[in-house]
Every structure is written in structure tokens, then in C-alpha cells.
Amino acid sequence: MIAEIGLAALWLAAALAVLQMISGAAALRAGPGETNPLAIYARPAAVVQAFLAVLAFAMLLRSFAVTDLSLKLVATNSHSMKPFIYKLTGTWGNHEGSMLLWVGVLAASGGLLAAFERRLPELTMHATLAVQGFVALGFYAFLLLSSNPFERLPVPAVEGNGLNPLLQDIGLAIHPPTLYAGYVGLSVAFSLAMGALLTREVNPAFARVMRPWVLGAWVLLTLGITAGSYWAYYELGWGGWWFWDPVENASLMPWLAATALMHSVSVLAARDALRTWTIMLGVLAFSMSMLGTFLVRSGVLTSVHAFAVDPERGAFILGLLGLYIGGAFTIFALRAGAVAEGKRFAVTSREGALVFNNVMLSAILAIVLLGTLYPLLTEAFDVRVSVGPPYFNPAGAIFAIPMLLVMAVGPLLRWKSDKPARIQFELMLIAALVIGMIALVSFFGQFPLLPLLGLGLAAALAVAAFLPLRGRSLKRVPVATWGMVLAHFGIAVSLFGMACEGAFSEERLAAVAPGGTEQIGDFAVTLEAVTPIAGPNWTAMEARLAVSQDGGAPVILTPQARSFWSPPQSTSESALLTKWNGQLYAVIGNQAEDGRWQVRIWWKPFVTFIWYGGLLIGFGGILSIVGRMRVDLKRRAASTKGAQRRADVEALGPAAPQPAE
Amino acid sequence: MRKLTLWLPLALFAFFAGLAAYMLTQEKDQFVESTMIGQPLPAFALDPAFDGLPGASKADFSGKPKLLNIWASWCLPCIAEAPQLEVLKQQGVEIIGIAIRDKPADVANFLNRYGNPYTRIGSDKISEVQLAIGSSGVPETFVIDSKGVIRHQHIGDIRPEDVPVLLRELEEAQ
Amino acid sequence: MIRWVFAALLALLAVPLAAQDSMPPAPYAYNQLEDPALEAKASALMHTLRCLKCQSQSIADSDAPMAGDMRHQVRARILAGESPDQIRRWLIARYGDYVSYEPEVSSTTWPLFAIPVLVILIVAGVLLRRLGKRRSDGGEAEAKA
């Protein structure tokens, strides 16, 4: 019954998406001054649809919670013996479930937009809802026609197949839903951009409506990527935190586009400049998230994370991609010429710096896109090539380094036009920090170029991030400015972590007999014992490693080599010892014939800063949203007050002359 | 000029969509082919994989075209291709095996159960020869001509329909 | 972090790890070279070589037996005095460009290098057009839609 309710809700939601689309489009066709009778349905359709789609997802969640083995999806992806939490997270650990989560979030954000957004001209709002309905409809069709999550088995299965053990991890519980929500937030930005373009309302008011959606999506993407990177770091068992794998790139590309969009929409909101560019980025950001979905699900590229691959689904997503993105770019090409460029500004101005970095972000996006898709291109000619870190790192750095330098300076500049001489002191300080840090580090040893530059830039950025606060009363700094300061500081922190990991990591691989000790950095690691243990759906060999720093009291680490039996697969569960200045990372491997155990240990100084930085960036984004919303609510309150006063005056107006009579 | 630039994103997207659509129709090729075809076998000399047969070295590939079969007792597809190797042997083909990361007892067991089509089996404990000839998995079969030059690579287990192909390749390698 | 899930379970049952084969790994598959300088060279090279049996991982990030054997080859050859470049070439001669994550300019990879140069040119062009054109009417004059 539960599954049938879910399926029915999904069909109804799809029908409402059609209504929303038609109603929104009808509103556009009405002549000036009239209202189309159909137009009133768009908003309610979006709201009810949101409830239905969320209901459908809740029903699937319940089927997974009780392991309803008559459902095909549950039988192929779950197992009655699995820990409860992984039964729940398993709901979106597969293709159908994650697509349902995707449309659930999509409908929910469409509902929010329809229910609460009153600032846009009604016509633009209807165009936006029509586009949103059109996008949602495609995904409903995808779910219902080619990947129905509620399909029943003719005969209920006796037992489920289980979930890929790599995915049985708390990291999976948060990472994909966060990313999906981010992708979906970009779809709202896309709908708004198309709505504004269709109704020729590309202006600061529209930018202010779009901004929270872009910021929100960007925060979620930031946190999702941060969580995903940490998950790969501790789960894959070799200490790598970013592999430039196609699936990772698929999540990075929307983030790059969203970062550019977020800054450009701010310029549009504050200064009424960069109109076409903002629309372009709005389309680009959403196309990158759809492209990511396509790459991950179609299996056209090989990846570590590819677990839901099917060419037929790939064809469906590609069709949707062609429809939405092809359509959007066509409308863009036809309409954007009519959108004026907006206000102009000097090179040395806040806008100038933002444009520069927007272009740099786009260039990095182009490099990542090229490197990711290039193997696909050559495969069309039956040539196989690999593009990896040795390509992405330097090619990305060509654009990232100037971008980071301008990022340090940009917030210090004034809008419209500024003189570099005014911020002479700050410029000198930043240059001194970059050069000083690089000189200092080079003094201690030979390090690769990129981490060295990274350290120099990180030092300068960390200080530069707080320079905009100089000479201001801290209590009166707007919350949104604090958000920017924190986010920029987060970039510095993250960069510092990456550079330290790249320059100073130490590695120790050894075959160790029980009782043997290995030295790495300041740590002495003793293998005390290896014992078999059993978990709910796995067994493991667990090593007891006594780690003592500089002869201090030992701490026990217990890395495991796990064997899952359904599906049969083995994983390495690394053990981490976190210090303020880095992490000790230990993995236990196989036993050799002579009885010794393979042990892998890394000391990674400041590696945790990579993710602390990511969290800071996300937190900065949240502060920014809060700050903007507060200003917005105040402005709204003020304008209603103003309107009321005007109404009062008007009401008094005709009354005023009366006494004269 | 501006008009044209506005169409650029669409053009790029169309190019990508076309490429992606084409690639979706293509069979996903998971194999990594050796680029050693046409090259002479690298020099090697491997110890016997078990007591029953001599080991293998480059010098063994002379006189007439032979098959070099990369296999292992722990590999399931190798069981599937055993009957086809037997057929090839009956056709008078000389098959020299290289057992990857294998133990003598396991090799002997495997041959007892699934038949022994080999004249020699070298033991490659660290995939040394496998890497040297550009093979990336088990089982793989190479056609080596009488001068010791690699002529053909067959990736994966040999199915009945592959037998004539291999025979023809051997013929051409004369 | 989810220790409570399995804390209650007894650690008595254990089956041996289901490995692909039972052979011990090659000597240098999981062991470093004595000389830190040589090991650093080998490690840098291993991070840029693709594991052929894996989905998309370097041989330095993989537990696949074949990745172990490739690591052994790299370390053994470095120890024998070969340069990382020679080893990369040796592998490319056997597996093609696919085995190396570090594309080199060749007839099949030139766009990977030409396009970034093109991107730099476009970026320079865009920036000059948007920022360089400091017109006298640069103020509000253009704002009219």
C-alpha cells in the first residue's frame, strides 16, 4: 500500500507540474493589463506539487526503513541485516531513490518560491514558474517512465542484495543529499534567469530575488563537496582527498559556475551591471549540474564513484539536457541581444575585480570541463587517454593564482571607480606576505612549486580577508560583509591545508610483525595485535596500533580490513588520529606469509584545514544569506510602512480641504 | 559580432550533446589493448609453474607460430576458456602458458580438473612478463609468430567463436 | 563514529579476507625504498600512473593486485637507476597514453594544450573588451535599456 501511495503521489505531482507549466505560460500570453483566467493556478499547483513529491519520497523512505522486499528497488539495494541508519541512507544510495530525492527537493523549492516570493513582477513570476514546472515535468517523466522507484516484484524476494559497502558510511548519509539540494537550488536560479530573460526584467530587483537561491545552492554545494572529499579521504584508504575523478569534477563544475554566478548576481543587485553575464551564468550553473548528473549516471566516463550506471538512463538525461539547456541557450542567443549591458565601471573598481575573477572562474571551469570530457572525445576515435592531477593542477593554477591575488585586493576597492594609490599600504602588505612566506618556507627545504605558491597565497589571503574590516566599527559591519570575510578566510584556510598536505606529508609503508614499531614524523607506531572481529553484516581483521608522540602516552588506533558478505566486497577502514596540526592516518592491509602485516601510515600536517576551510566558506555563505534576508525584511517592513503612510496621507487628502468649506 | 558570440554557448553545447549521444550508442570498451602488437617479445625467462611442465622463456617462441596464454588458477573465466584451449591443442596449436601470481599446487589442481592444453607454463609471480607485453588482465591470449614477434592479442576468455579467428591469425603469422 | 551499531556484537566469527589470489604481494608493492630521495621519485611517478584494473585511480591509490605489481615495477626500476621518465615511456610503449595521467603533447592530446592557450587568449580578449575600454562616457550613459 505504502508504495502505491508513493506512486500515485508522484503521478499527481507530475500532473500538477503540467498544470503549473500551462498556467504560467498562459499568464505570459495575456495582453497588457489583462489577466488570463488560467494564470491563478500556477502558484497553488507548485505548492501542492511540493507536498506530493515530498510525500512520495517519505513513502520510499518508509519502504526502505521496514525493508519491504516486495519492492524491486529495496530488494536490489538493501538487506534486512543492514544497520537501521544505512537502511535509511540506502534510500538515496541508488539511482531511482536519489532521483526521487532530487525531484522531492526540486518540487519543495518550487513550492517555497511560489508560496513566499512576492517581490517579482507577477508576469516574471509566472514565466519562472512555467519554466520550473517544465523542468520538474522532465524529471517526473524520467522517474515514472524509466526509473520507477516503486516497482513491485512479481514474487517478493527472500532477502535483499545489500548495499555497496563503500556506501555504508555516515558520509553517504549527508554528502549526496546536500549536493542534490545544491543542484536543485541552481535549478531555481535557472528558472528565475529564464523568467527574467523571457519577460525582459533583468534588473537589480530580479537579482535580489535570485541571490538567496544562488547563495543557498552554493552553500549546499560547498558543504557537499567538503563532505564528499572527506568521505573519499577516509573511506578509500590511501589518504587522497581529491582525485580529479570525473564524478568529483561533476560536482566541482557547478560549484565553480555557482561561485561566479553568486558574485555576478551581487554586482547586478548592487550596481545594475553585468546583466547578460548573470543570465549566462545562471544557465551555465544549472547546465553543469545536469551535465554532472549525466556523466555520473550514464557511465560514458569511468569513475571510482560510478555505481548507478545505465546507458538508457543516460540517453533520457541527455534528452532532458538537450531540451532544457539547448532551449535555454537558444532563448539566450535570441533574447540576450536585447538586454542592455547595464552600467559601466572602471578597471580598478570593485566591479572590475569581480569581473576579472568571474572570468578566471569561468576559465578554470573550462579547463575542468575540457579535462573531464577530453577522454570521451578521444574515445570517439578509439583512442584512450587519461587526464589526471598532473594536468588539472598546473592548468587550473594558471588561472587560480591571479584569481586569488585579485580576490585579496578586490573587496578593498570601491564600487565604480577607485585609485590603486588609495590602498597602497594594503597592496604592499599582501605582496610582502606572499613573498615572505615563500622565502621562509624555501629556506627550510626543497618543495614542489604549486604547494609553495599555495602557502604564500594562503598567508596573504588569510590576512587580506580581514582587511575590509580595517578602520570600521566592528559592531556596525553588516552581517553579509562578515559572511564575505569568513568565506574568503575559509579559502585561505583550505588552501593552506592543501599546500601543507602537498608539501609536508610523510608516508610509511611497511610489513610489521606484531610487537614491531615504525617511526613516522614525531610518532612511534607499534602494532600490538591483530584480532578478528564481526560486525552486523561484515567481519574484519582489526589492528591495535599504539601511537605515541615524542615518547608520550600511547593512543590506540584500530584500523580494520573489512569483508562484507552481501555483496561480497572488502574495504579498508582507516583509523585517524586528529591533532590540532594534522592527522595521522593508519590502514591495515593483508597478512604476508611470514606472518607480518602490511601497515600503511601517513602523517599529514594540517590536512584537516582543507575541510575546516570548506566549513568556514559554507558558514560565511550562511551568514551572508542571513544578513541579506534581514536587510530585506527591514526594507520590506519600511516600504509597507511607507506605503501605509502614503495611504494615510491620501485618505486624509480629500478630507483635508473639508474644514475649509 | 555580439550577435555571433551569443550563439557560441549553444554551439559548444550542441557539439557536446552530439558527442555524448554518439558515445551512448557505442559499446563501452573496458579493455586496454596492448600497444606491443608488431613488436618482438621482450626477453624473459620464467621458472616452471609446477613440477609437471618446463618453464617458459622468449627462446621457446621460435620455429612456428604459437599461442601465449596468460592465465591463473584463481581466475574464473580461465575455467570457461579451458575447453576452447583443448580444441586449439587438438588442432595442433602449441600453447605456452604463463601463470600469474600462482602457486604450484593450485596450478597442478587446476590442470587436473580442467585439462592441460599447455606444452610449457612459466610462473610469473609479480606480473613481470604480463606488464612487459602490455597485458592488463587474465585471461589474455597472444599470437606470436615464428620470429618471436607479437601479432595479435585476444582479451578475455576464448569463446568457441573465437577459435577460428585465432587459427586464422596463427595461419597468417606463418 | 557509529560504534554503537556493532559494539554489541561479538568478535568471534572471522573468515579470511576474500582476496583475488593468495599470493603474497611483490616485494616493493607495499614496501618503500630505503633511500627517501628515490622513494619520493617513485611515489611522485606512481601518483601519475593509472591502475589498469581499477575504475579511475592511480596505482598509488589502489589495492588491486595488479596495481601492487606495477608499484613493484616502478620501485624496482627506480632502484635500478632508471629515471621516472624512462619508466613512464616504457609503460606507454605497452599500454598507450591511457596508462599515464600526465598527458604529453602528441597527435592525440594536442587540444588539451591548445585549448587552454585559446582560453587564455579569450580571457584576455574578454577582459580587454569589458575593462580596457575606459570610455569618457563610461558613467551612467549606457544604463538606458
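Visitor: What makes strand E1 (residues 506–512) of chain A a partner of E10(A)?

Guide: Strands pair if DSSP finds at least two bridges between them. Seven bridges join E1(A) to E10(A), so the two are paired. They run antiparallel. Arg508(A) stands opposite Ile601(A) in E10(A). This is a predicted model, in which local features need pLDDT of at least 70, side-chain atom pairs count only at pLDDT 80 or more, and totals for chains, interfaces and linings use all residues. Residues are numbered from 1 along each chain as its sequence is written, while chains are lettered from A and ligands numbered from 1 in the order in which they are written.

Visitor: Why is E10 (residues 597–605) of chain A called mostly covered?

Guide: A residue is buried if 20 or more other C-beta atoms, placed from the backbone, lie within 10 Å of its own; 12 or fewer makes it exposed, and in between it is partly exposed. Eight of the nine residues of E10(A) are buried, so the strand is mostly covered.

Visitor: What makes residues of chain A and chain B count as in contact?

Guide: Their C-beta atoms, placed from the backbone, lie within 7 Å. By that rule, 23 residues of chain A are in contact with 17 residues of chain B. Helices H10 (275–298), H11 (311–335) and H12 (350–379) of chain A each supply at least two residues of chain A's side. H11(A) gives the most, twelve residues. Helices here are DSSP runs (H or I, at least four residues), strands are E runs of at least two, and both are numbered from the N terminus.

Visitor: Which classes make up the side of chain A that touches chain B?

Guide: That side has 15 nonpolar, seven polar and one charged residues. Ala, Val, Leu, Ile, Met, Phe, Trp, Tyr, Cys and Pro count as nonpolar; Asp, Glu, Lys and Arg as charged; the others, Gly among them, as polar.

Terms used
Contact = placed C-beta atoms within 7 Å.
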